[in-house]
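Subject: Structure for you to look at

Hello,

Below is the structure I said I would pass on. Please open it first, then read my notes next to it.

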Amino acid sequence: MAIKKSNKAAVSQAASLKQILKRCSSLGKKNQGNCYFNDVPKGHFPVYVGQHRSRYVVPISWLDHHEFQTLLQLAEEEFGFEHEMGITIPCDEVVFRSLIFMFR
């Protein structure tokens, strides 16, 4: 039973991420005139990090990294996935920069 619940949660999270990426990235239809996403290149999406909500535009390929998936799970737990401007990640900006340095 626990496996089914876990699988159901994973499917729900994947659907939520897909919806966010369509809305927040160049995958969506012309970003519906939202000025926050005019500078987001194809295959990327914005995230907001740290106390001052610094904006980073990250490649969708980072979704494959376990560490980034963990940050997204923390974001979902703390803020949910209903964002108009992008995903807010509850992480110190210095830690986030150190993490993304590893992805490059």
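Across which strands does helix α3 lie, and at about what angle does it run to β2? Helix α3 (residues 93–103) lies across β1, β2 and β3, and it runs at about 20° to β2. Contact here means heavy atoms within 4.5 Å. Axes are lines fitted to C-alpha atoms, for helices over the stretch in contact, and angles run from 0 to 180 degrees between N-to-C directions.

Some notes on the source. This is a predicted model, in which local features need pLDDT of at least 70 and side-chain atom pairs count only at pLDDT 80 or more, while totals for chains, interfaces and linings use all residues. Residues are numbered from 1 along each chain as its sequence is written, and side-chain values use heavy atoms, with hydrogens and water left out.

Overall layout

The protein has three helices and three strands. Along the sequence they follow the pattern α-β-β-α-β-α. Helices (H or I, at least four residues) and strands (E, at least two) are DSSP runs, numbered from the N terminus. Of the 104 residues in the protein, 36% are buried. Buried means under 20% relative accessible area, exposed means over 50%, and partly exposed is in between (1.4 Å probe, protein chains only). Among contacts between residues at least 6 apart in sequence, 47% join residues at least 24 apart.

The sheet

The three strands form an open sheet in the order β2-β1-β3, with mixed pairing. The edge strands are β2 and β3, each of which pairs on one side only. On average, neighbouring strands of this sheet are turned by 35° against each other, direction ignored. Two strands count as paired if DSSP finds at least two bridges between them. As background, strands of a sheet pair through backbone hydrogen bonds, either parallel or antiparallel.

Strand β1 (residues 44–49) is mostly covered, with five of its six residues buried. It pairs with strand β2 (residues 54–59) in the antiparallel sense over six bridges, and V47 has Y56 in β2 as its bridge partner. With strand β3 (residues 87–89), β1 pairs in the parallel sense over three bridges. There, Y48 stands opposite T88 in β3. T88 is buried, with a relative accessible area of 11%. The C-alpha atoms of T88 and V47 are separated by 5.7 Å, although these residues are 41 apart along the chain.

The hairpin of β1 and β2 has four residues between the strands, and in it G50 takes a positive phi near 85°. R53 is also in the loop between β1 and β2. R53 has a positive phi of about 55° although it is not a glycine, and at 39% relative accessibility it counts as partly exposed.

The helices and the core

Helix α2 (residues 66–79) also lies across β1, β2 and β3, but runs at about 100° to β3. α2 and α3 pack at an angle of about 145°, with their axes 10 Å apart. In this packing, E67, F68 and L71 in α2 meet F96, L99 and F103 in α3. By class, this contact has five nonpolar, no polar and one charged residues. Ala, Val, Leu, Ile, Met, Phe, Trp, Tyr, Cys and Pro count as nonpolar, Asp, Glu, Lys and Arg as charged, and the others, Gly among them, as polar.

Which residues touch the most other members of the largest nonpolar core? They are V47, V58, F68, I89 and F96, out of 18 residues in that core. The elements that give two or more residues to this core are β1, β2, α2, β3 and α3. A nonpolar core is a set of buried Ala, Val, Leu, Ile, Met, Phe, Trp, Tyr and Cys residues joined through side-chain atoms within 4.5 Å. Leaving aside neighbours within four places in sequence, V58 is in contact with G43, H44, F45, V47, F68 and F96.

Aromatic rings

The structure holds three aromatic pairs. In one of them, the rings of W62 and F68 have their centres 6.1 Å apart and their planes at 70°, so the pair is edge-to-face. Rings of Phe, Tyr and Trp (its six-membered ring) pair if their centres lie within 6.5 Å; planes under 30 degrees apart count as stacked, over 60 as edge-to-face and the rest as tilted. W62 is buried at a relative accessible area of 7%, and F68 is buried at 0%. Together with F45, these two residues, W62 and F68, form one aromatic cluster.

Regards
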